[in-house]
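Please have the sequence and the model open as you read.

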Amino acid sequence: MSAIDNLPPLREVIARHDLRAKKQLGQNFLLDLNLTAKIARQAGDLRDCDVLEIGPGPGGLTRGLLAEGARHVLAIEKDARALPALAEIAAAYPGRLSVINGDALRVDPLQHLTPPICVAANLPYNIGTELLIRWLTPPDWPPFWQSLTLMFQKEVAERIVARPGSKSYGRLALLAQWRAEAQIVMTLPPEAFVPAPKVHSAVVHLTALPEPRFPADPAVLSRVTAAAFNQRRKMLRASLRGLHPQIDTLLRDAGIAPTARAEEIELERFCALARGLSAARAADRG
Ligand code: SAM
């Protein structure tokens, strides 16, 4: 196996800095630098991009991103124990790696990044979905990022790319696919990580579309899909009853049978329903 840089192997780095994985921080480290370089390549050509990495830990993926030519990496890591290992990487790639010791849910990284910006991360499982939803629902579109290349538990990855009719299909699929192209680009067995998690993992690559696939007010679409999937086994006329008194008519106008269930309905129909609901409410207000 060829080393991707002249830094010491990650096992040695972890032992030297006593970086024993902590479960409460979702720490499952990738130690194979060939694998981290392969994940970095899934992010596309990074030479002209600033990369935001969440949770670099000992820096396996960080090293992959830098070796693959990322213009600049900004890494946000909550665990201060990882900072000395990350400082060694920063010294090996002068001016190309900045590290913020903080909580990714609280730090605003944007002031430190120059577009175009790509996000790449082996996310801590406990905040992965929350971060993804934030990145998919900014106040304005297009978002700050051009692409997201993210490792999730495989079950979560399947929910992001799911199609109607599958058991994984729900709000996450609709949110992701409305304004982005989403694909699973790699799957990894538990043994790829130290310590090995209980489940398989997968890398999802999302590219931001310049415009949503179908027009709809984001807040209305969000309310409609929340209500529809909150009781996914119910008929839509029942789960959406609270949204408008004429919900049966609005469903039919959107091309949806009022007796259908949320998991059968395509994104295009949900967007049509959101538009119909917006128009009906505007008409109600006079
Ligand atoms: N990127 C490393 C790798 O692939 O080997 C580590 C990935 S590990 C799954 C998740 C990392 O996220 C850990 O280093 C953990 O300390 C960090 N982390 C956990 N919660 C965080 C938070 N709220 N903000 C920033 N980093 C966090």
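Ala-216 is buried, because 23 other C-beta atoms lie within 10 Å. Buried means 20 or more other C-beta atoms within 10 Å of the residue's own, exposed means 12 or fewer, and partly exposed falls in between; C-beta atoms are placed from the backbone. This is a predicted model: local features need pLDDT of at least 70, side-chain atom pairs count only at pLDDT 80 or more, and totals for chains, interfaces and linings use all residues. Residues are numbered from 1 along each chain as its sequence is written.

**Around Ala-216**

- Ala-216 sits in the loop between strand E9 (201-208) and helix H8 (218-230). Helices (H or I, at least four residues) and strands (E, at least two) are DSSP runs, numbered from the N terminus.
- Leaving out residues up to four places away in sequence, Ala-216 touches Leu-221, Cys-271, Ala-274 and Arg-275. Two residues are in contact if their C-beta atoms, placed from the backbone, lie within 7 Å.
- Leu-277 is 61 residues from Ala-216 along the chain, and their C-alpha atoms are separated by 9.9 Å.

**Confidence**

- The chain has a mean pLDDT of 96, with 99% of its residues at 70 or more. pLDDT is the predictor's confidence in each residue, from 0 to 100.
- For the complex, the predictor gives an ipTM of 0.99 and a pTM of 0.95.
- Where pLDDT is low, predicted coordinates should not be read in detail.

**Overall build**

- The chain contains 11 helices and nine strands.
- Its C-alpha trace spans about 65 × 35 × 30 Å along the principal axes.
- Of the 286 residues in the chain, 40% are buried.
- Among contacts between residues at least 6 apart in sequence, 67% join residues at least 24 apart.

**Domains**

- The chain divides into domain 1 (10-208) and domain 2 (218-285). These bounds come from an automatic or database domain assignment.
- The C-alpha centres of domain 1 and domain 2 lie 34 Å apart.
- Nine residues of domain 1 contact 11 residues of domain 2. On the domain 1 side, four are nonpolar, four polar and one charged. Ala, Val, Leu, Ile, Met, Phe, Trp, Tyr, Cys and Pro count as nonpolar, Asp, Glu, Lys and Arg as charged, and the others, Gly among them, as polar.
- An unreviewed UniProt entry lists residues 35-210 as "domain: Ribosomal RNA adenine methylase transferase N-terminal". UniProt positions are given in the numbering used here, feature names are shortened, and annotations may be inferred rather than shown by experiment.
- Residues 35-210 are 30% helix and 28% strand, and the end C-alpha atoms of this span lie 31 Å apart.

**Ligand shell**

- The ligand is surrounded by 23 residues, and the closest are Gly-55, Gly-57, Ala-104, Asn-122 and Pro-124. Strand E1 (29-30), helix H3 (60-67) and strand E3 (72-77) are the elements that give two or more residues to this shell. A residue is near a molecule if its C-beta atom, placed from the backbone, lies within 6 Å of it.
- By class, the shell has 12 nonpolar, seven polar and four charged residues.
- The unreviewed UniProt entry lists Asn-28, Leu-30, Gly-55, Glu-77, Asp-103 and Asn-122 under "binding site".

- Glu-77 lies in strand E3. Glu-77 counts as buried because it has 25 C-beta neighbours inside 10 Å.
- Beyond four places in sequence, Glu-77 contacts Gly-55, Pro-56, Gly-57, Ala-82, Leu-86, Val-99 and Asn-101.
- Asn-122 is part of strand E5 (residues 117-122). With 28 C-beta neighbours inside 10 Å, Asn-122 also counts as buried.
- Asn-122 touches Leu-30, Gly-55, Leu-61 and Met-151, not counting residues up to four places away in sequence.

**Backbone points to check**

- Most residues other than glycine have a negative phi, and most peptide bonds are trans.
- Pro-115 and Pro-116 are joined by a cis peptide bond, with omega about -5 degrees. Pro-116 is in the loop between strand E4 (97-101) and E5.
- Val-194 and Pro-195 are also joined by a cis peptide bond, with omega about -10 degrees. Pro-195 is in the loop between strand E8 (193-194) and E9.
- Asp-18 is not a glycine, yet has a positive phi of about 50 degrees. Asp-18 lies in the loop between helix H1 (10-16) and E1. Asp-18 counts as exposed, because it has 7 C-beta neighbours inside 10 Å.
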